[in-house]
Amino acid sequence: MRVILERTLRTSAVAALLYAWWLTGRTPASGSEAPLVADADSALTAPQLAQRLADPMRQQLHLSLTAVPDAASRAVLHAADHAGVDVSWQSRDSAAQLTSIALSALPLADPAGGTVLRVAVRDSAMIALADSVGWIDSAQTESGGVSWTLPSTRRQYSVSHQGTIARVNSADSAAIGRLRLFAAPGWEARFVMRALEESGWNVDAAFAVAPRATVTAGLLAPLDTARYAAVIALDSTAWLQASAIERFVRSGGGLVLFADAARGSAMRALRAGESATTVSGVPGALQTTAPREGLPLVPIISLAAGAVPIERSARAGAPLAIAARTVGVGRVLHVGYRDTWEWRMLGNESAPTDHRAWWQSLVHRTAFVSHRGTDQWSTFPGEAAPLADLVARVGPPGLQNASTVTENLAPVAPPVWLFALAGTALLAAWWSRRLRDAR
Amino acid sequence: MTVLPNVSPFVFATAQYESGDWDSAPSLPGNLIDSVARYTSLPVAPQGVSVALASEDALRYPLLFLTGHLPVRFTPQEGRVLQRYVERGGLLFIDDHNHDIDGAFHKTALEEIRRLVAPLTPLRNNHPLYTSFFRFEDGPPTTSHELNGWGDNLVHEHLLAVLRNDRISVLYSNKDYSSEWNFHPDNKRFMGVDPTRFGVNLVVYALTH
């Protein structure tokens, strides 16, 4: 009797393990007459979807998602949608929307190269940045976005947030043009050229030093985006070329327009606003951590339509010091500061470096860059904006049909109690054999 | 219609230093200012200034003229300001009023510049400095003082310079422009060729490079 009991226990254990093994290999049953409803999260894979959609009787597919499916899964859904399957989706948590994230990677307008990454996120979020090698950085986004300026250019960049990953390929190559400076001979022109040339830029200029004498620097060429990345207009010297500059900007070129150049009516179509009366620099401020407060400032007032403020001075009334606008497809940065060379010569120990970096940043924001390689916009939104891509492929989120049957696409896991049953049976059989001194 | 740009006028500045006779060519600034105003359309201040090399105010004048006959030994503060001046992009023009390569000024000035900035080396005679306004095909113009029996009685074929990013930071002359240009501007009318023309090149170069 005892031997029979022990055999029964061992048989039960083996049976429980076999059942668990069978469950593991089992694919979920699919009622071929019922529309398929998948309840899946970011673990949802394209093969799983394709497997479920292999049944020709499938007429409907509804996804309840916690993250945006990957690109391959979106492609499968897109194909199914075009093949006549009614594909719909919604966020599993009805109170929260799926992560909406978009990423762009553009070459930095800098002779030394680099990449500007801009990330748009619907809400404030912690996002992580990676390239083809590994993680680079993370950031808490504010005001819906964040940008990184990276000195290197990798093939691919990605940002992730709550399981949603956006990827972009960077441009294979970028052609950076020269800079054209319009300025009268003087210390400002001299130090602007120096700052930019120390950053690697080639600067062309023609300085009228006498009625019939001009000193040229660099190679003067017709103003177009094939040759020039940006124009820097420091003073009224630029007015004689205003129409050429406007053509250049409208075709995509950049313009850094300083107050003395912006004053005239010739630049009305390009400036970001009107110029107020010059405000003196704050004495001693050049030596502080806010050195631009020490520069004379021509505040920008009455902003033009579409112009946006970029920087305000801390002086009385918080006058606007820098504003930006687009003209055609080009960008204009209207700068109210004057005599920035004093910052370099009279500022604190880091002034030469800071002055150079500031000038570089002005050019970065406006300069035209011709780039070749992967055209991220031809496939947009694609992997650059996963949620937008999902919407573009299968439509906006919608509720599932009430008559559908819920099916769990996740692999069937054997219940824990089966393993407990098998373990208990084996332990009992062993205990029984020990009690009767059997080996 | 020609619109004159709103640019601050150029101010000719002479460096004062504690050792030596920094003010040995008192008529030179006015003469150069006259030439800049006479030949160019550059806005120029009618009066030059003298600025202490030990003062941070020297940094307000990106072109500084320094001359003398006597040994030059910069004080520590003058050395600090001079180093900052050059690192930030100023141009210091030093002229040996002795025009003597064995003279005290020459020897000590070269030592001081080597100590504080970098060794002075010959400036090629086709440098843009020589064509920035007037053309000096053979390099620096000779002066009547080079062969006047004083000094080393040599015609110096090159100026010396320290270059940073291919631009002149320190320019050094043995040609005694301090004597050559040290006269009242009205006397130019008695001269066949105005000897201060090279000074105009120097100012134009400084403002455009």
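Reader: Which helix gives the most to the nonpolar patch?

Author: H1(A), with five residues. Helices are DSSP H or I runs of at least four residues, numbered from the N terminus. This is a predicted model, where local features need pLDDT of at least 70 and side-chain atom pairs 80 or more, while totals for chains, interfaces and linings use all residues. Residues count from 1 along each chain, chains are lettered from A, and side-chain values use heavy atoms, without hydrogens or water.

Reader: What makes the nonpolar surface patch?

Author: Val14(A), Leu18(A), Tyr19(A), Trp21(A), Trp22(A), Trp417(A) and Leu421(A) make about 840 Å². Nonpolar side chains are joined within 5 Å, given over 30% relative accessible area and no salt bridge (Lys or Arg nitrogen within 4 Å of an Asp or Glu carboxyl oxygen; areas by Shrake-Rupley, 1.4 Å probe). H1 (2–25) and H10 (416–435) of chain A each supply at least two residues.

Reader: Why is Val14(A) called partly exposed?

Author: Its relative accessible area is 47%. Buried is under 20%, exposed over 50%, partly exposed in between. Therefore Val14(A) is partly exposed.

Reader: How do you know that H4(A) is mostly covered?

Author: Of its 12 residues, 10 are buried. Trp187(A) and Phe191(A) are among them.

Reader: Why is chain B called as compact as a globular protein of its length?

Author: Chain B holds five helices and seven strands (E runs of at least two residues). Its radius of gyration, over C-alpha atoms, is 16 Å.

Note on methods. Buried means under 20% relative accessible area, exposed over 50%, partly exposed in between (1.4 Å probe, protein chains only). Patches are made of residues with over 30% relative accessible area and no salt bridge: like charges are joined within 9 Å, nonpolar side chains (Val, Leu, Ile, Met, Phe, Trp, Tyr) within 5 Å. A salt bridge is a side-chain nitrogen of Lys or Arg within 4 Å of a carboxyl oxygen of Asp or Glu. The radius of gyration is taken over C-alpha atoms; the globule rule is 2.2 Å times the number of residues to the power 0.38.
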